[in-house]
Structure formats: C-alpha cells, structure tokens
Amino acid sequence: MSLYSEAVARSVGLDEVTVENILFSASMHDLGKISTPDHILLKAGQLDAAEWEIMKQHTVVGASILSGSDSEVIKLGEVIARSHHEKWDGSGYPDGLKGNEIPIAARVVAIADVFDALSSKRPYKKSFSEEKTFAIIAEGSGNHFDPKVVDAFFAVKEEILAIKQKYAEK
C-alpha cells in the first residue's frame, strides 16, 4: 500500500520530500483499527449500521493516536489516518471534506488503499480481477477520487501491477 502511494504521489507531481514522507506515512492509514473489535473487522458479511459507525471511527482514533508529534512523517500519518476515507464529492468521512479540502496526501493514499482493498482477498470478499478493480477506480473519478489523482494512478498502472506482483501472497 505504501509503495502504491509512493508511485501515485510521484506521478501526481509531488516533490521528492513529500513523496518520501507519504511512503513512510501511508502505512499508518488504518492505525485506528486497533480500536475496532475483531468481530467487526473480521466479519464475513456486510456490516450493519451500528457496526459501520464503529468502523468509521478508526479514522478519528488513528489521527488521535498520531497527534502531537514533532516528526513530519508522523504528522503526515495523522492527516492520512483521519482523511483517507474522505471523498472528492464530499460524501466521505469523518469530516465530509470535499475536493481540494482533502489533503493531497490523503487523496493519494485513498486511491492506493482502494486498489489494495479491491485487488486483495478480505474476510468479507474475494479479490476482484484487475479489470474490475481498474474499472471501479475509473468510475470513481470525480466522485470518490480526485480526477487528477486517478489520472496519476493510471499513468503508473504498470508500476502498480509490478508492485502487486512482487509482493503477491504466495
């Protein structure tokens, strides 16, 4: 996930210091899930409304855990943890940020996170094909994702696939 984020961050044109900080910060995006009960995290079926509200709190919890650091990487991790589920159209959480209100690092990590989630097996779903994964991401341009970040993602599609292949579960 961090390597996907690094590739997209570089492709979107961020400076090398920011790209490196995203590389090291991206893995903190779901830190707050340590507060989410296993029966929710590992549930094989769809979450009910109450479970979904608990799950959404991982963004706030993760940001809280990371808050107050002097480290640029940890500060960026706090921003990413809180904002990686915000959506370009404002329908995300926890703050309902829209468009450029969403920090660019969170927009980059969001697309990498979704790619990873869609293309990987989870307790609640099988992995999607590459074709379906890329189609879902393309369809999310302008609503779920920043169109500029989607373009950057597709510009490094082969690099993304090489990373996935290199680290594929054996």
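Predicted model: local features only at pLDDT ≥ 70, side-chain atom pairs only at ≥ 80, totals over all residues.
1. Helix α7 spans residues 104-119, and its 16 residues reach 23 Å from the first C-alpha to the last, which is close to the 22 Å expected at 1.5 Å a residue. Because 14 of those 16 residues are buried, that is, under 20% relative accessible area, α7 is largely enclosed by the rest of the structure.

2. The largest nonpolar core holds 30 residues, and the members that touch the most others are V8, I22, I111, F115, I137, F153 and I160. At least two residues of this core come from each of α1 (2-11), α2 (16-25), α6 (72-83), α7, α8 (130-139), α9 (147-155) and α10 (157-166), with α7 supplying the largest share, 8 residues. In soluble globular proteins, nonpolar side chains tend to be buried together.

3. Which residues does F115 touch, once those up to four places away in sequence are set aside? The contacts of F115 are Y4, T133, F134, I137, F153, I160 and K164; of these, I137, F153 and I160 are also listed with F115 among the core members that touch the most others.

4. A search of the whole structure for cavities of 30 Å³ or more finds 1, and the volume of the largest cavity is about 70 Å³. Its lining consists of S83, E86, K87, W88, I102, A106, R107, A110, H144, F145, D146 and V149, which divide into 6 nonpolar, 2 polar and 4 charged residues.

How values were computed: Residues numbered from 1 in each chain as written. Heavy atoms only, no water. 1 Å grid on protein atoms, 1.4 Å probe; cavity = no way out; pocket = protein on both sides within 12 Å on 5 of 7 lines; lining within 4 Å. Points joined across faces, edges and corners; volume = space filled by probe spheres on them. Helix = DSSP H or I, 4+ residues; strand = E, 2+ residues; numbered from the N terminus. Nonpolar A, V, L, I, M, F, W, Y, C, P; charged D, E, K, R; others polar. Core = buried A, V, L, I, M, F, W, Y, C linked by side-chain atoms within 4.5 Å. Buried < 20%, exposed > 50% of the residue type's maximum accessible area, 1.4 Å probe, protein only. Contact = heavy atoms within 4.5 Å. Expected span 1.5 Å × (residues − 1).
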